[in-house]
Amino acid sequence: MNGVEDSRAPKTRITARDMAQIAVFAALIAALGLPGAITVGFSGVPITVQTLGVILAPAVLGARKGTAAVAVFIALTIIGLPLLSGGRTGLTALAGPSAGYLVGWIPAALVIGLLTARIVPKYPLVPALLINAAGGIAVIYLFGTLGLLLRTDLGVLAAIQANGVFLPGDLLKVVVATIVAKGVHRAYPGLIRG
């Protein structure tokens with residue numbers, strides 16, 4: 001090459017600012033585990049606030065950084081840090097009925113981030129709500145249901161129905177994440193680069 005950078009080349013370099021944003025959102029997901037967990041229903045899967053962070057990270061940072069923040073958080077729990085609600089580690093969660101939900105956080109973040117990139121910088125509320133629900137509810141529930149089928153003796157219908165107890169809280173998390181992300185995108189319109 002002649003030393004001129006090709007502007008069409010993909011930018012995969014992670015800057016210090018990117019790393020800081022990834023770290024802040026990984027820490028936010030960890031902090032959202034502090035209120036603890038409530039186990040209800042028959043599935044043995046707890047209700048937590050941490051999925052709010054899983055929805056918010058890619059809604060604010062986009063697919064690359066948002067998914068990285070979720071992946072960093074999960075990696076920290078897998079190496080043994082008790083960052084999941086109730087002081088659980090990733091290995092504990094992966095060995096139990098929560099396995100599918102935890103694994104589903106990464107594709108959920110990717111879906112939210114990829115779709116959010118299509119609606120920024122305006123970030124209209126209705127499409128944003130639908131995007132956050134698609135990733136934060138549909139994708140996570142899909143993986144969660146598969147995890148329940150693998151880790152419990154629930155049948156398909158019972159595993160699907162087990163998600164019902166989470167729906168009201170998850171809808172609230174989607175609304176909160178969407179409102180927060182809308183404010184962030186209004187204040188910092190270039191946060192997600194195409």
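**Entry 1: ground rules**

Helices here are DSSP runs of H or I with at least four residues, strands are E runs of at least two, and both are numbered from the N terminus. With that settled, I looked up leucine 142 and found it in helix H5.

I am working on a predicted model, where local features need pLDDT of at least 70 and side-chain atom pairs count only at pLDDT 80 or more, while totals for chains, interfaces and linings use all residues. Residues are numbered from 1 along each chain as its sequence is written, and side-chain values use heavy atoms, with hydrogens and water left out.

**Entry 2: the whole chain**

I went through the secondary structure and got seven helices and two strands. Along the sequence they follow the pattern α-β-β-α-α-α-α-α-α. The radius of gyration, taken over C-alpha atoms, is 17 Å for the chain, close to the 16 Å that the globule rule gives for 194 residues, so the chain is as compact as a globular protein of that length. That rule is 2.2 Å times the number of residues to the power 0.38.

I also boxed the C-alpha atoms along the principal axes and got roughly 60 × 35 × 30 Å. Of the 194 residues, 43% count as buried. My scale for this is relative accessible area: buried is under 20%, exposed is over 50% and partly exposed lies in between, with a 1.4 Å probe and protein chains only.

**Entry 3: salt bridges**

How many salt bridges does a search of the whole structure find? I got three, counting a side-chain nitrogen of Lys or Arg within 4 Å of a carboxyl oxygen of Asp or Glu.

I started with arginine 64 and aspartate 18, whose side chains meet at 3.3 Å, N to O. Arginine 64 sits in helix H2 (residues 50-78) and aspartate 18 in helix H1 (residues 16-31), so I noted a link between distant parts of the chain, 46 residues apart.

The remaining entry on my list is lysine 173 with aspartate 170, at 3.0 Å, N to O. Both lie in helix H7, three residues apart, about one turn of the helix. Lysine 173 counts as buried because its relative accessibility is 12%, and aspartate 170 does too because its value is 7%.

**Entry 4: aromatic rings**

A pair of aromatic rings is described by the distance of the centres and the angle of the planes. I paired rings of Phe, Tyr and Trp (its six-membered ring) with centres within 6.5 Å, calling planes under 30 degrees apart stacked, over 60 edge-to-face and the rest tilted.

The structure holds two such pairs. One of them, tyrosine 101 with phenylalanine 166, is edge-to-face, at 5.7 Å centre to centre and 65° between the planes. This pair links distant parts of the chain, 65 residues apart: tyrosine 101 is in helix H4 (residues 99-116), and phenylalanine 166 is in the loop between helix H6 (156-161) and helix H7 (167-187). Tyrosine 101 is buried at 8% relative accessible area, and phenylalanine 166 is buried at 7%.

**Entry 5: back to helix H5**

Which residues make the nonpolar surface patch of about 430 Å²? I listed Leu142, Leu146, Leu149, Val156 and Ile160. Patch residues have over 30% relative accessible area and no salt bridge; like charges are joined within 9 Å and nonpolar side chains (Val, Leu, Ile, Met, Phe, Trp, Tyr) within 5 Å. The areas come from the Shrake-Rupley method with a 1.4 Å probe, and for residues only the protein chains shown count as cover. Helix H5 (125-151) and H6 each give two or more residues to the patch, and H5 gives the most, with three.

I also checked proline 127, which is found in helix H5. Proline 127 counts as partly exposed because its relative accessibility is 31%. Proline 127 and threonine 178 are 51 residues apart in sequence and 9.8 Å apart in space, C-alpha to C-alpha.
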